[in-house]
Amino acid sequence: MLSSNLRSLHFVSKPPLNPSLLSCSYSSLHTRSLPPLKGKKPPINCKKTQALFLNSPFLSILQKCKSLPQLKQIQTQMTIKGLMSDWFFSNRLIAFCAISEHKNLDHCITILYNLQNPNVFSWNVTVRGCAESENPKEAIIVYKQMLRNNGCIRPDNYTYPSLLKVCSFLMLKYLGFEILGHVLKLGFDEDIYVHNGVIHFLVSSGELEFASKVFDESCVRDLVSWNSLINGYVRSGRAKEAIGVYRKMQEEGVEPDEVTMIGVVSSCAQLEDLKLGRGVQKYIEERGLNLTIPLANALMDMYVKCGSLDRAQRIFDNMEKKTIVSCTTMVVGYARLGLLDAARKLFDEMLEKDIVPWNAIIGGYVQAKCSKEALALFHEMQGGGIKPDEVTMVYCLSACSQLGALEFGIWIHHYIEKHKLYLNVALGTALVDMYAKCGNITKALKVFNELPSRNSLTWTSIIGGLALHGNAHDALSYFSEMIEVGLKPDEVTFLGVLSACCHGGLVEEGRKYFTQMTSKFGLPPQLKHYSCMVDLLGRAGLLDEAEELVKSMAVEPDAVVWGALFFACRMHGNFLLGERAALKLLELDPHDSGIYVLLANMYGDATMWEEAGKVRKMMRERGVEKTPGCSSIEVNGTVYEFIVRDKSHPKSEQIYDCLIQLTRQLEIAEFTHDLPKYYNDFLLGLELETQQSNSVEIIQ
């Protein structure tokens, strides 16, 4: 029974309610709750009044009312005729003000509070109208006024579903529990509508175990009850439990509807279980369930997340009406598979675009490492008057991280602060990651320490950032702190830890953490972890141990692992082992020009000119050409890319002149390094004086 379950929950007599939503006017409901019911004025003859109502011209006039002035005129005439004291007429007027197409809740509440003896219907319809309005918390205020009405009116089973809905929507957990106390006291816990409202409230409040217990032990439940529990598990990311409830529902012979199937399909999407998802679609088709737009969108989303874009495409093509959600789902699907042209084409064809499709296309370009195009889309979005949200900012910060665009990243940070965007964990983590990867580890640490909440990804970002900047001991210190606060590291966290050990030359610590991955945290090392360890051991000159680690790998070593061993061999002059590693690299990637060049250089370092010539000949015979390296630089918020001997920039001559002058200054600095200070200053000052007039404008 609901009553026994609710009484098992600890109620807080004066809970700390959200001050922004719960003002003093409706916060502690228990202070004036449920006074004794006093005698009330008996109604006049119902049959006589109903006949008057049905024959009254006010009914047809009220149905045609389209404005507040017209409504007030009707109310005035009803008052003159003495009809406002009649429940049938006053109820109809209040219902029109509360829930009609031309409703006016302020006027509704004014009428309600000025009636001498409003009945429970008038209060309930006002509560419902407020609950469905843009300001649903007004429903709580009306309910409290109802309780204060000198005990003349008591709520009934139609009062509480709307109130529980408001508490669910506004996340008023403790206030909802107080209302549940009223439900129990009045004995409405076995009413099916109240019962469903209770389950929905508990699910929305995160009390899934309690909601499940109430559901299991209840003697009243219908399809709405099942749907509330299934979709509650889905929204909490507990797809397996949702499928379990659905199986139980089938065993009890309850027929699902479209809402049920949306929850089940969404569970398949979370589990990325294509086989189960296909079975669910087959069931929908066999049972002849209506393929509504939301259900079709859920099926497309499931197929996209399961990597079956062709099935999603078929559903999309067969839809008579495509919504923004439908198109956005397909944009995400195209982008996931790298089909950016198709994603952009569909996006451009969309007649209506809100922030969601913009986020989808920007995120698709970021995931495809096309960060310049992603930022260009962001500027286009702003030009169209669309305001970015937290998701947009996360994608843009990720693009800045990929490009190293610190200036634009700082601008985004200022935008977040200026427009008071909510700094959730994802956005805070993206800021930390951006500052760390763009070279400002001090700012990354400042943002990290000021974040209101952090998860394992946030800690992983700062650990990786510290490792990237060579702060090995700080990175390991933050890792230890992360473990102390009870967060569990993942594979990426350990990649940052091992990178820190590698940058700091901390061999013993690297061995320890590499072992702990499996022994303490149950994480099998992946290829990147092995490459870090090989690099760490190789840099320390422990080439035999590094080779043994490669041989003992549970997975086949890739080019990164062999590359780490090869570079270590070249560094320490172990040409025999280096040759074996290089040959393995050529087997894995025979078209990588860098391997040939490095192998030839290694032979040259050992004066093995014949072998070096053979490598270059092999390179020519295989048609392998040196791939020019590409670099990028951010100037005044714009990212420029260039390759070796690149002259595509319109100011390339000035750029090369500046580089020549910088090179000369470096040569002078190197030459004067060991000279007495006064002679050093004289030469440097002379050189700077001769070049100052030519270089200032270019450098600026």
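**Close-up 1. Lys369, an exposed loop residue.** In this predicted model, Lys369 has a relative accessibility of 63%, so it counts as exposed. You'll find Lys369 in the loop between helix 21 (355–367) and helix 22 (371–383). Take a look at its backbone too: phi of Lys369 is near 65°, which is a positive value in a residue other than glycine.

**Close-up 2. Met171, in the loop between helix 9 and helix 10**. Helix 9 covers 160–169 and helix 10 covers 173–186, with Met171 in the loop that links them. Met171 is another non-glycine residue with a positive phi, here near 55°. Its relative accessibility is 54%, and because exposed means over 50%, Met171 counts as exposed.

**Close-up 3. Helix 11 packing with helix 12**. Helix 11 (residues 192–204) and helix 12 (residues 208–217) meet at an angle of about 160°, their axes 8 Å apart. That angle is over 145°, so the pair is roughly antiparallel. Their crossing is left-handed. On the helix 11 side, the contact is made by His195, Ile199, Leu202 and Val203, while helix 12 brings Leu208, Phe210, Ala211, Val214 and Phe215. Sorted by type, the contact residues come out as eight nonpolar, one polar and no charged.

**Close-up 4. Inside the largest nonpolar core**. This core has 184 residues, and the ones touching the most other members are Tyr160, Leu202, Met261, Ile361, Ile462 and Leu565. Helix 17 (residues 293–305) gives the most to the core, with eight residues.

**Close-up 5. Leu565 and its contacts**. Setting aside neighbours within four places in sequence, Leu565 is in contact with Val534, Leu543, Ala546, Glu547, Val550, Leu577 and Ala581.

Definitions and conventions. Residues numbered from 1 in each chain as written. Predicted model: local features only at pLDDT ≥ 70, side-chain atom pairs only at ≥ 80, totals over all residues. Heavy atoms only, no water. Axes fitted to C-alpha atoms, helices over the stretch in contact; angles between N-to-C directions. Helix = DSSP H or I, 4+ residues; strand = E, 2+ residues; numbered from the N terminus. Parallel < 35°, antiparallel > 145°, perpendicular 65-115°, else oblique. Left-handed = near helix turned anticlockwise from the far one by under 90°. Contact = heavy atoms within 4.5 Å. Nonpolar A, V, L, I, M, F, W, Y, C, P; charged D, E, K, R; others polar. Core = buried A, V, L, I, M, F, W, Y, C linked by side-chain atoms within 4.5 Å. Buried < 20%, exposed > 50% of the residue type's maximum accessible area, 1.4 Å probe, protein only.
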